[in-house]
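Q: I'd like to learn how to read the packing features of a fold, one at a time. Could you walk me through it with the structure below?

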Amino acid sequence: MASPVLHGASALICVAWIALILMAGRGRMAVMLALACLAAGAWAAAVALWPAEPLTGVAAVLEVLRSAVWCAVLLWLARRSGSGWSKVLMGRFATAALLLTALALIALLPGAPALPTLGSPGLFARLGLALLVLVVAENLWRNAEEGARWHVVLPCIALGLLSAFDVLLHADAALSRAYSPALLDARAAVTALALPLLVIAAVRDRRWRRDPPISRQAVFHGATLILAGTFLLGVGAAGEALRHLGADWSRVAQASLLAAGVMTLALAAGSRSMRSRLRSRVVDHFFTARFDYRREWMRCIATLSGTGEDPARRGVIAIADPVDSPAGVILLRDSGEETLRWAGSWNLPEKDFALPAGHPLLLALGEGERIVTDMPPDLEEALGRLWLAVPLCHADGLLGVVLLAPPRAVFALGGEVFDLLRAIGREVAMFLAERRAAERLRDQRGLQDYARRFAFVAHDVKTVAHQLAMVHANAAHHMDDPEFRADMLITVGAAAARISTLVARLRHPEDEEVAGKVAPLDRLKAIAVGIGHDVEIRDQGAAQCRLPIAPARFDAALRHLLDNAAEASPPGAPVRVTLRQEEERLVLDITDRGPGMSAEFVRDTLFRPLVSGRPDGNGIGAWQARDLLRGAGGDLAVISAPGAGTTMRVTLPCEPRPAKQVIAA
């Protein structure tokens with residue numbers, strides 16, 4: 001009885017070899033080699049299904065057909081390689097194979113002498129067929145041309161070895177009148193171990209060499225499964241050998257061996273060093289290029305655009321991953337400096353370190369076109385064992401350098417590796433430069449916001465100072481007037497409140513952004529009190545309107561416009577303010593009787609910051625008012641002409657005031 005475990009494992013491994021042959025090869029060569037593996041796998045599967053009849057029934061038929069297929073594959077290789085065989089010789093080999101195959105199949109019919117009788121036609125046919133395959137393999141290898149021998153040597157060795165083992169099996173059976181159980185089971189292991197040569201032959205067939213139409217990940221996992229299956233096959237064979245010893249401890253040893261094998265596979269699967277070795281020694285040989293550049297580029301982009309890690313550390317990881325480096329450190333150059341300083345570490349200690357200008361490493365890097373493999377001793381003393389120095393080149397020159405630790409497994413360096421590292425180094429340099437530019441832009445925007453708030457405050461302080469100066473100038477002449485004193489107290493109180501508001505805006509600028517439901521008529525009346533000039537307010541149906549704007553913004557915008565209108569108005573001429581609602585917008589007109597403005601002045605000067613038409617002006621009020629109104633979804637228009645006064649038209653979105661609910665008693 002044959003071992004179903006060994007033959008089943010052999011069949012599964014043959015299926016894996018078939019898949020690899022079809023992926024790595026192309027054309028008829030791959031098909032023929034896959035056919036040879038298919039014949040072997042079908043035979044092993046039949047023995048696994050019917051282990052009690054390994055030499056009869058379906059298993060015997062498939063064994064005969066397996067040898068016939070092997071002979072046909074070798075004859076096709078002889079014809080393809082131009083071995084010089086004549087058509088007569090090819091015909092004789094083919095005829096002999098057909099006759100022996102037919103004789104072996106006929107011997108399986110009921111009534112034929114049982115194997116392994118010496119005079120059994122079946123034994124003679126199987127032995128002869130195995131010898132024929134061995135002879136064809138030997139002649140093909142010996143007579144092939146020098147250039148073609150490299151393509152046929154591996155199939156000749158694989159199929160010739162398996163046929164030689166069949167000759168040994170049948171010859172031993174004929175002499176001992178019984179088949180050896182050990183040799184019967186060993187055929188499965190030998191088959192699984194010999195057929196990988198056909199996979200290599202498919203890869204070496206350079207006339208049709210191309211990359212397999214699958215990803216490297218699929219090849220990696222497929223190779224992992226094949227190696228794991230081969231390892232378990234060896235463990236199973238050792239277990240079977242222990243079982244046949246018949247000792248009391250054989251069962252214990254068999255179970256212990258299986259457990260140790262599973263543990264070894266688990267450790268190998270979880271080891272990144274083993275994965276690196278498998279990728280470099282097995283997977284890379286199936287592809288013409290060293291790297292899958294699309295996958296490497298997508299991985300680089302995903303690493304740099306990720307979150308959770310410091311940007312400099314992400315740059316180290318992006319460069320270290322393609323070469324299986326487990327750690328690294330990045331040194332960057334600040335703007336205006338020649339020294340490279342420590343900017344981040346990945347799986348290495350954080351250490352404040354700097355490379356001054358003229359350091360041997362910087363001289364070796366040149367302008368950033370070279371990758372350095374010989375590290376200066378002072379770097380390794382400071383940062384530990386290092387392997388590569390990858391430059392980070394940008395438009396302005398060398399932005400920095402990434403120092404990588406040695407890889408987990410031996411990693412062969414070459415021009416293709418250096419080209420990939422240089423390309424990723426440029427991408428990392430561009431990423432870090434953009435991050436720096438974004439940070440500088442953010443800082444500049446913060447400074448600009450602060451400067452703008454300060455300019456607004458300075459403008460408001462100037463207005464308050466002007467009002468207080470007018471009060472002080474008139475106090476000497478009108479201090480005895482009770483109405484003047486009352487107006488003076490109102491003006492001083494409004495100025496104090498306004499200065500307190502300005503201080504609060506500087507301390508807490510975020511409070512200006514809190515939108516509310518502003519009642520424009522009420523706010524306008526409160527603002528008009530502190531203007532220091534007569535203001536006439538006319539409501540034309542806007543009392544129920546509510547504005548979705550921060551109260552501080554609304555007050556600042558209207559105060560600027562009213563101040564400008566008051567300064568432009570002649571003494572005794574009030575500023576007229578009219579409110580009305582048009583559809584879903586509030587229209588607020590601020591009209592003065594001043595000298596007016598030309599269209600060119602409105603277009604070119606009025607809304608330009610820090611440009612004013614008055615000698616004592618700052619050029620802030622109109623620009624700030626329009627900026628605040630537009631930030632709330634509104635706008636500011638100007639209706640003016642020289643000698644006809646000016647109307648500043650404010651428009652803002654408004655919401656109707658909710659009606660009060662009347663509850664019936």
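**Rings, cores and sheets**

A: Happy to, and let's start with a charge: the charged end of R626 sits over the ring of F607, 4.0 Å from its centre. Keep in mind that this is a predicted model.

Q: Where else does the charged end of an arginine sit over a ring?

A: Look at W43: the charged end of R66 sits over its ring, and the distance to the ring centre is 4.8 Å.

Q: How do I read two aromatic rings together, and how many aromatic pairs are there here?

A: The general idea is that you describe a ring pair by the distance of the centres and the angle of the planes. With centres required to lie within 6.5 Å, the count here is one aromatic pair. W387 and F411 form it, with 6.3 Å from centre to centre and 80° between the planes, so it is edge-to-face, as planes over 60 degrees apart count that way.

Q: Which parts of the chain does that pair link?

A: Distant ones, 24 residues apart. W387 lies in the loop between α15 (377-383) and β4 (388-394), while F411 lies in the loop between β5 (397-404) and α16 (415-478).

Q: Is W387 buried or exposed?

A: W387 is buried, because its relative accessible area is 14%, and buried means under 20%. F411 is buried too, with a relative accessible area of 14%.

Q: What should I look for in a nonpolar core, and which residues have the most contacts inside the largest one?

A: In soluble globular proteins, nonpolar side chains tend to be buried together. Here the largest nonpolar core has 51 residues, and those with the most contacts inside it are I21, L74, L77, L195 and L198. Elements giving two or more residues to this core include α1 (4-24), α3 (57-81), α5 (121-143) and α6 (146-176). The biggest giver is α3, with nine residues.

Q: What does L74 touch, leaving aside residues up to four places away in sequence?

A: L74 touches V133, V136, A137, L140, P155, C156 and L159. There is also another core lying apart from the largest one: it has 37 residues, among them A556, L562, L606 and L628.

Q: How do β11 and β12 pair?

A: In the antiparallel sense, over six bridges, with β12 covering residues 646-653. As a landmark, I639 stands opposite T647 in β12.

Q: What is the order in the open sheet with antiparallel pairing?

A: Five strands again, ordered β3-β2-β1-β5-β4. Its edge strands are β3 (354-355) and β4, each pairing on one side only. β2 (residues 340-346) and β3 pair over two bridges, and L340 stands opposite L355 in β3. Helix α13 (residues 311-320) packs on this sheet, touching β1 (328-333), β2, β4 and β5, with its direction at about 70° to that of β2.

Technical notes:
Residues numbered from 1 in each chain as written. Heavy atoms only, no water. Phe/Tyr/Trp six-rings, centres within 6.5 Å; stacked < 30°, edge-to-face > 60°. Helix = DSSP H or I, 4+ residues; strand = E, 2+ residues; numbered from the N terminus. Buried < 20%, exposed > 50% of the residue type's maximum accessible area, 1.4 Å probe, protein only. Lys NZ or Arg CZ within 6 Å of the ring centre and 35° of its normal. Core = buried A, V, L, I, M, F, W, Y, C linked by side-chain atoms within 4.5 Å. Contact = heavy atoms within 4.5 Å. Pairing = 2+ DSSP bridges. Axes fitted to C-alpha atoms, helices over the stretch in contact; angles between N-to-C directions.
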